[in-house]
Structures are given as structure tokens and as C-alpha cells.
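This report concerns a predicted model.

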Amino acid sequence: MIDGRPRHESVRGSSETERSRAPDRRIRAAVAVGVVLVALAAGAGVVAGATSAAASPGAATPGPVDGGPGSAAVAQTGSPLDGENGTVELVVRFDPVDDPAALGATDGVPAAGANASATVADLREHAAAERDAFESFAASRPGITVEREFWLANALLVSVDAETVAASDLRAVENVTRIHENVAVEPIETAAEGPAAPTASPQIDADPSGRAVAGVRQIGAPTAWERFGTRGAGATVAVVDTGVDPAHQDIDLAGWASFDANGTLVSDDVADASDPDGHGTHVAGTVAGGNASGTYIGVAPEASLYGIDAFGENGTATFAGVVASMEHATTAADADVLQLSLGANGTFRGFITPVRNARATGTVVVAAVGNEGANASSSPANAYDAVAVGAVDGEGQVPPFSGGQRINASAAFGSHPDDWPASYVVPDVTAPGVRIPSAAAGTEDGYVFQQGTSMAAPHASGVAALSVAATDGRVAPPAIESALADTAVPPANATAPDYRYGHGVVDAPAAVEAAVDATPPESEPTGSGGTEEGRSETGDGETDGRTPGFGAVAAVVAVALASLSAVTRRSP
């Protein structure tokens, strides 16, 4: 989808095959892939996802066991080499680490802060050992070339001569769990509504004091700034998107990288930063935009902003490009928060491992839930471990386009991590996503309204960045994720999270306070303050391992939960 209205999109190469393997365990994050939005002023166009399929509130979109969005039956029985001629690019997957959150953990709790060096080293070592047999096989077998390695996904991108190599040849190699195509995410153009060009400063929708735009005020960010003495300084947010335009007056770009369809680094020089689409610049502005116009457009305006372009000149991204961007975010960018307003409609198991591993490095992963409306959602937001974000309007009401549904884990993902509940709901939380003003790419002082869950997710990412800053980076992702969900403001009379609001609308002051309350004393090892508690019972009478309840998390509860091991944000 793209820019605010529900759209259907196609993803090429969604089929893949799978050998019988033990399920991944303990996934904890989200990568994401993006969503649809609507440009209400200035043409916008944005990348988004894949084939969508609606489901009832009680059941998830049937999805592939390991493949791209599409039919589960196709994913289990088809082959990405069927009917192909010549050279085909495939992604070969290997056994993941059973419990990446335990790597480099203290007392069973993942390390706080990004780029936990011990975790990254262990993930690299595991990936190298798992792919060793396949690399030896490829070196001795004509028609197979290893193009790139991905430690975050424990995968290889390979080129295969479809006329001489069969899928069964690849699956038979030691440690190979499945193969799938280098899935392409297609952009969908949409007509802009309203003026044909961005509105120049002064900032649109500024309040009388010139303090912040409506969405930033709606979640209480200015109150959090004052109460905790921070606007995000010390936290780093990586925005993986269509790029970021550093020429805009409200964008202060601390770092940059761009990747091609094979996941190869094209540039990491900020001088090369750009955004021909405009989507990424708008998202980045909402996360960390400044107030050059006199009004803040960003939730965490002093956070370090790292832009990563995963999309080619033709406006498409690939699985390899997104995973390479995620690797860069967790290491070179040392991101505390990974913002992903990208997505494939439906369920796509292929992103589970990279999202899980990114979170294990200490990075909070936030993803937009998608714009296909009720009973639908996009990957990676609908993976249980993602911080999935839906949209609300200025009155706190969920607009029709905002995605959300109950996920049946087995129906949606097939073999899934065994610490997941049987069912859960997405989104986790909601945030402003209708008529959101932010920076317009291609201008120095222009602003444009856009809407969609792509606009909502950066509000949550900004609050996560404020939480990192207020705690000096000493609280692990599970505590920040739980703080976002447990303090969200539910609709009146709500008794449990639902598939439209999740836990409720993000409340910046309460979320930051909960994160601060969960911060361990400085004498304790970094990382011991993370809690993996925070969700309530599922509607099926099962618990997903986290603490039930809405509202602020009391300090005594937050500290008590710090030793537990499974963060739960969603309960149906």
C-alpha cells in the first residue's frame, strides 16, 4: 500500500520450500516493512507491500510457513525454481539461534543499548558455522554462486542456474531449512489530494505557542520533554525507508547508508543522502524533526537520526536490501531504535529471524501495522515480537484504513517460535496517523500532510527514543516495549487490548516514566533493567507470559519484572 489508502500490492517470488525443522524460539522485535499512506499535500508515492488477504478478527491471514506473502499451501509445496530458466536469485536460510535474546544477556535479560558486541559476535559465529557446508557445496557445484552473506537473517543470497540445479539439491545440504526468492516489494503510486506542492513555512498546524505540531502534542511529547529534561539526546534512531533529504531545515542527519537489491552497500556518505520519493523524509521528520519553522515536527528532535535507503532508483526494495539495512542499523549506526514504515501485506515468515536477532542486539524495532483496514495486517509488524503500530485521528479514533487483526500463529506462520502464544492481536499500540504534517523532501522549508500507519509508527519510535535518552540507555528493549504498551491510553470501557487500538494510544510522559521506573541502579550491570513482561492473557485462556493490565507501570512492578524473560505486549 501507499500513502494513506488501502491498496493491494503484489510481491514477486513468494513461494518457497521448507524442510522439517524445530521452530525458531524467542523472537523479540520487528523489522519491518512498510505501509501505505496518503499524501494530502504534495505528491508522495511510497513503497509497500505484498499480496494482501483479509481475515476475520478471530483468525489471521493464512500465510506461508516460510515464504513470502501468499498461500500457505504454495509455500509448503512449491519451489522457487519451478518453471524458471537461466539464472535465478534465491535466499537460502539456515537454522537460527534458539534464543538470541540470551546472547550477551545478564540474568537472562537482553543487553540494553544497541550493538551489543558479544551478541553480534555470537550471531556472526553461529551464521558462519551454519552456512559452512553450503558454501563448500556451492564452491564445488557448477551453477551456484554465493552473492552475499547475512548474519542477521542467518541466510545467503545465491545465484542459481535453474536449468542445472534443482531446489531439492539446495534443500539437501546440511543445515538448510528453507529457500525463498529475494522477494521484491513493489511501490504503488497514488494520486495526491490537496495542493500540488508542499506548503512552505510557517509550519502548518502550529499551536499558538509555536511549540509542536498536533500529533506530537496529542501523545504528550512536550510534557515528557519538560518532565524528564530530554528531547532525545543520546539516543539513535535508524529510519529504514526510501531515503532522507538532509537539505530540509528540520532534518539533522547524523548518518547515512544506502543498499542495492543484493544488499550491497552503495554509499555511507551523508553527502550522498537523498529521498526522491519523500516518504522517508516525512517519517524521519516525525521521529526526530526540529523546529526551524518555530514549531517542532518531531517527537524526539534531539535524537541522532540515521537514514538508511533500502530502495533502488526504480522504487523497489528486496528482502536482501532490507536485511542488509537492518544489519547496518544494528552495527554501524548503533541504533537504539529501528523505525520500519515498510511492509508486505499478509504474513511473511522470512523476516522473523532478522527481526528477532536485531532486537537481541539491543535495538527496539518498531513497525507500521499496514493500511488494509480491519482484519488485515502487514509483516513484519504482525510477527509477535514486533512493536506493531496502528493509526488514530486527532480525536483518538481509529480510521478505516488502519490495519489490525487477531493472529493465529500457526495458521499465519506455520512453524513458529515455541514461546509465542497460540493467538494474539496487532497492533500493540496506536498513534496519530491522520493528516500528519512533516518535512517535504526536495524543499528546504516545505511541509506536507500525509496519513497512514507509516505516519503513526514514527510517533512510537520517537517515544522509544525519549525513553532511551531518559534512562541513559540502561533499559533493555523489553522494558521499553512494555512501557509503550502498558501505559497506552485505551478507549473508554476497554477491558483488554483489541485488534483496532491494541493497548491504546501512545502516552509519551507515562511511557518514559515507566521506562525510568524500570531503570536499574547504576551499580547493576547494564541490561539488568530490562523486563520481558507486559502483556496479558490471550482470549483463548492462554497466557503469553507477560503482565496484564493497562495504565502506568508502577515502579515496584517494573523493577520486580526486570528478571523475567518474555516480553508480551499484545493480548486479544
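## The largest pocket

The largest pocket of this predicted model holds about 340 Å³ of space. It is lined by 18 residues, and those closest to its centre are P276, D309, F311, G312 and E313. Two elements, strand 14 (253–259) and strand 15 (265–267), each give two or more residues to this lining. Strand 14 gives the most, contributing three residues.

## Strand 16 and its burial

Strand 16 spans residues 304–309 and is mostly covered. Of its six residues, five are buried, that is, under 20% relative accessible area. D309, among the residues closest to the centre of the largest pocket, falls within the range of strand 16.

## Strand pairing

Strand 16 pairs with strand 13 (residues 236–241) in the parallel sense, and six bridges connect the two. Within this pairing, Y306 of strand 16 is the bridge partner of A238.

Strand 16 also runs parallel to strand 14, to which five bridges join it. Here I308 of strand 16 stands opposite A257.

Conventions
Residues are numbered from 1 along each chain as its sequence is written. This is a predicted model: local features need pLDDT of at least 70, side-chain atom pairs count only at pLDDT 80 or more; totals for chains, interfaces and linings use all residues. Side-chain values use heavy atoms; hydrogens and water are left out. On a 1 Å grid over the protein atoms alone, a cavity is a set of points where a 1.4 Å probe fits but cannot get out, and a pocket is an open set with protein on both sides within 12 Å along at least five of seven lines; lining residues have an atom within 4 Å of a point. Grid points are joined across faces, edges and corners, and a volume is the space filled by probe spheres set on the points. Helices (H or I, at least four residues) and strands (E, at least two) are DSSP runs, numbered from the N terminus. Buried means under 20% relative accessible area, exposed over 50%, partly exposed in between (1.4 Å probe, protein chains only). Two strands pair if DSSP finds at least two bridges between them.
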